[in-house]
Amino acid sequence: RDFEAWKKYDDSTYIGRSYSIVGVDTVSSETIQLEERNGEVLYIPIVQGQNDNQPVSFRLTLSEPGKIVFENADHDFPQKISYQLVSSDSIVAEISGLIDGKHRAQVFPMKRTQ
């Protein structure tokens, strides 16, 4: 199962962590900052074992009721990260983009646990 946990850091930044439960172990896969900087909203993940463990910024390109989308056309994969509200306690996160010229997507359904 995949999880994300978020907390407010300050008035312009949220800090998140994405992780999975494998058997009885919790395996962290990335840390995320969601922040407003110079009038832009950025989604900045650091994925263990990717991009030399350096942050990659995705700029908010769509914000409408129930859906937000962040994009970085220069990133290898994904180029798009989206969150879609399904119900008051469920969302679907999706990463997508091109790999070798073919569209790929990975979906992560999530449900509020607290």
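Which strand gives the most to the lining of the second largest pocket? Hold that thought, everyone, and we'll come back to it.

First, a word on what you're looking at. This is a predicted model, where local features need pLDDT of at least 70 and side-chain atom pairs count only at pLDDT 80 or more, while totals for chains, interfaces and linings use all residues. Residues are numbered from 1 along each chain as its sequence is written, and side-chain values use heavy atoms, with hydrogens and water left out.

Now, the overall build. The chain has 0 helices and 9 strands (DSSP runs numbered from the N terminus: H or I of at least four residues for helices, E of at least two for strands). The radius of gyration, taken over C-alpha atoms, is 14 Å, close to the 13 Å that the globule rule gives for 114 residues, so the chain is as compact as a globular protein of that length. That rule is 2.2 Å times the number of residues to the power 0.38. Buried residues, meaning those under 20% relative accessible area with a 1.4 Å probe and protein chains only, make up 28% of the 114.

On to the pockets. Rolling a probe the size of a water molecule over the atoms shows where empty space is left. Here, a pocket is an open set of points on a 1 Å grid over the protein atoms alone, where a 1.4 Å probe fits, with protein on both sides within 12 Å along at least five of seven lines; lining residues have an atom within 4 Å of a point.

The largest pocket holds about 800 Å³ of space, a volume being the space filled by probe spheres set on the points. It is lined by 26 residues, and Glu-4, Trp-6, Ile-91, Met-110 and Arg-112 are the closest to its centre. Strand S1 gives the most to that lining, with 5 residues. By class, we have 13 nonpolar, 7 polar and 6 charged, where Ala, Val, Leu, Ile, Met, Phe, Trp, Tyr, Cys and Pro count as nonpolar, Asp, Glu, Lys and Arg as charged, and the others, Gly among them, as polar.

The second largest pocket comes in at about 510 Å³. Its lining has 28 residues, with Ser-29, Glu-30, Val-47, Ile-95 and Phe-108 closest to the centre. And here's our opening answer: S3 gives the most to this lining, with 4 residues. The classes in this second lining are 16 nonpolar, 9 polar and 3 charged.

Thanks, all!

Definitions and conventions. Buried < 20%, exposed > 50% of the residue type's maximum accessible area, 1.4 Å probe, protein only.
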